[in-house]
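Subject: Structure handover

Hello,

Here is the structure I promised to pass on. Please open it before you read further, and keep it on screen as you go.

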2 protein chains.
Amino acid sequence: MKVASRFSIAVHIISLISGAEENERCSSEWMAGSIGVNSVIVRRIMGLLRNAGLITTQQGSADSRVSRSLDRITMLDVLRAVEPDPNLFSIHQNPNPACPVGARIQNVLETVYSRAQVKMEQELERTTMADILSGLKAKAP
Amino acid sequence: MKVASRFSIAVHIISLISGAEENERCSSEWMAGSIGVNSVIVRRIMGLLRNAGLITTQQGSADSRVSRSLDRITMLDVLRAVEPDPNLFSIHQNPNPACPVGARIQNVLETVYSRAQVKMEQELERTTMADILSGLKAKAP
DNA sequence: TCAACCTGTAAGCATACTTGTTACAGGTTG
DNA sequence: CAACCTGTAACAAGTATGCTTACAGGTTGA
């Protein structure tokens, strides 16, 4: 069970873009150096964040910006930007409808899974990129 | 992002074992028919549940039992039985320690991820296999 | 005792997802 | 125009998942 590390990388990218000084330029190559991955990975994930409207980029120029204030970008926004599948839990596809259990298990599981996932998402929604940035600063006295 | 369907299959297996009448035998073949997967898959997952102490089995005989009362088997127990990796979220492994963000992002993310995962686990812990069984019956009037 | 049935498990395979890498078209800037 | 940048395709490699066949060995009832 794994949420792919591109979620973490996406948070890292936004932190770098928003934490950079006004004159500092963040090329994908430079960010790749901070993150520890290939620059293509960075550009791919930036594409996802751009499609989700969280950042703006400019082709040909290392000039990325965050689209709105950090306290209005939640961790859930970032997760949904990089994760195509909204469902955390998988349910087997072919239970036997002729069996009393098989006929109803999907429904029962959906209910339980949905409750659990919502709890997690609520927590991610409470945490914003502004919290992340202040966390990064707090740990650097 | 996916929790493997063996979690759902495990819940299905326990439902079948505990829902069966006293004289009914649940062979892995028969359960496979209700679940809609190969019997080897069923036996493999039963092995995980057995290792976790949730069920007992007897080699050579279709005689599986649940080890304790259903209201003391939580969905979290089942998840942990079938899922080896306890961490839901992945963090990139090589952030640059020379970068202020790279040096601290792992710590910050761990904190946030842990909070979110705990919320989900608490919800799974509140739901027991007894709830699942009564859910299965409730939807069958 | 033996035939039928069962479990436990190894091994091989196909598929899908993730990540890394090279390559290149084309925009930007001094 | 040269240097630098983004956006994206294409391919490779590693890993997880699930399917299937095969088989060793336990169980049970006639």
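One caution before the details. This is a predicted model.

**How the two chains relate**

Start with chains A and B. Rotate chain A by 180 degrees, with 0.0 Å of shift along the axis, and it superposes on chain B with an RMSD of 0.1 Å. That is the relation of a two-fold axis.

**Where the chains meet**

How many residues does each chain bring to the contact? Chain A gives 52 residues, and chain B gives 52 residues. On the side of chain A that touches chain B, α1 (6-19), α2, α5 (100-126) and α6 (129-138) each supply at least two residues. The most comes from α5(A), with 16 residues. By class, this side of chain A has 27 nonpolar, 17 polar and 8 charged residues.

Now compare the two sides. Of the interface residues of chain A, 100% are also interface residues in chain B, so the copies meet through the same surface.

**Around DNA strand C**

Next, look at the DNA. The surface near DNA strand C has 7 nonpolar, 14 polar and 4 charged residues.

**Around DNA strand D**

Then turn to the other strand. DNA strand D is surrounded by 25 residues. Here the closest are A:Ser28, A:Thr57, A:Ala62, B:Ser5 and B:Gly60. In chain A, α2 (28-35), α3 (39-51) and β2 (61-66) each supply at least two residues of the surface near strand D. So does α3 (39-51) of chain B. The largest share, 5 residues, comes from α3(A). By class, the surface near DNA strand D divides into 7 nonpolar, 14 polar and 4 charged residues.

**Helices α2 and α3 in chain A**

Now zoom in on one pair of helices. The axes of α2(A) and α3(A) come within 8 Å and cross at roughly 105 degrees. That makes α2(A) roughly perpendicular to α3(A). From α2(A), the contact uses A:Ser28, A:Glu29, A:Met31, A:Ala32 and A:Ile35. From α3(A), it uses A:Ser39, A:Val42, A:Arg43 and A:Met46. The residues of this contact divide into 5 nonpolar, 2 polar and 2 charged.

**Helices α1 and α2 in chain B**

One more pair to find. The axes of α1 (residues 6-19) and α2 (residues 28-35) of chain B come within 10 Å and cross at roughly 120 degrees. Are they perpendicular or oblique? α1(B) and α2(B) are oblique to each other. The crossing of α1(B) past α2(B) is right-handed. On the α1(B) side, the contact is made by B:Ile9, B:His12, B:Ile13 and B:Leu16. On the α2(B) side, it is made by B:Met31, B:Ser34 and B:Ile35. By class, the contact of α1(B) with α2(B) has 5 nonpolar, 2 polar and no charged residues.

Best wishes

Key:
Residues numbered from 1 in each chain as written. Chains lettered and ligands numbered in written order. Predicted model: local features only at pLDDT ≥ 70, side-chain atom pairs only at ≥ 80, totals over all residues. Near = placed C-beta within 6 Å. Helix = DSSP H or I, 4+ residues; strand = E, 2+ residues; numbered from the N terminus. Nonpolar A, V, L, I, M, F, W, Y, C, P; charged D, E, K, R; others polar. Axes fitted to C-alpha atoms, helices over the stretch in contact; angles between N-to-C directions. Parallel < 35°, antiparallel > 145°, perpendicular 65-115°, else oblique. Left-handed = near helix turned anticlockwise from the far one by under 90°. Contact = placed C-beta atoms within 7 Å. Least-squares fit on C-alpha atoms with pLDDT ≥ 70 in both.
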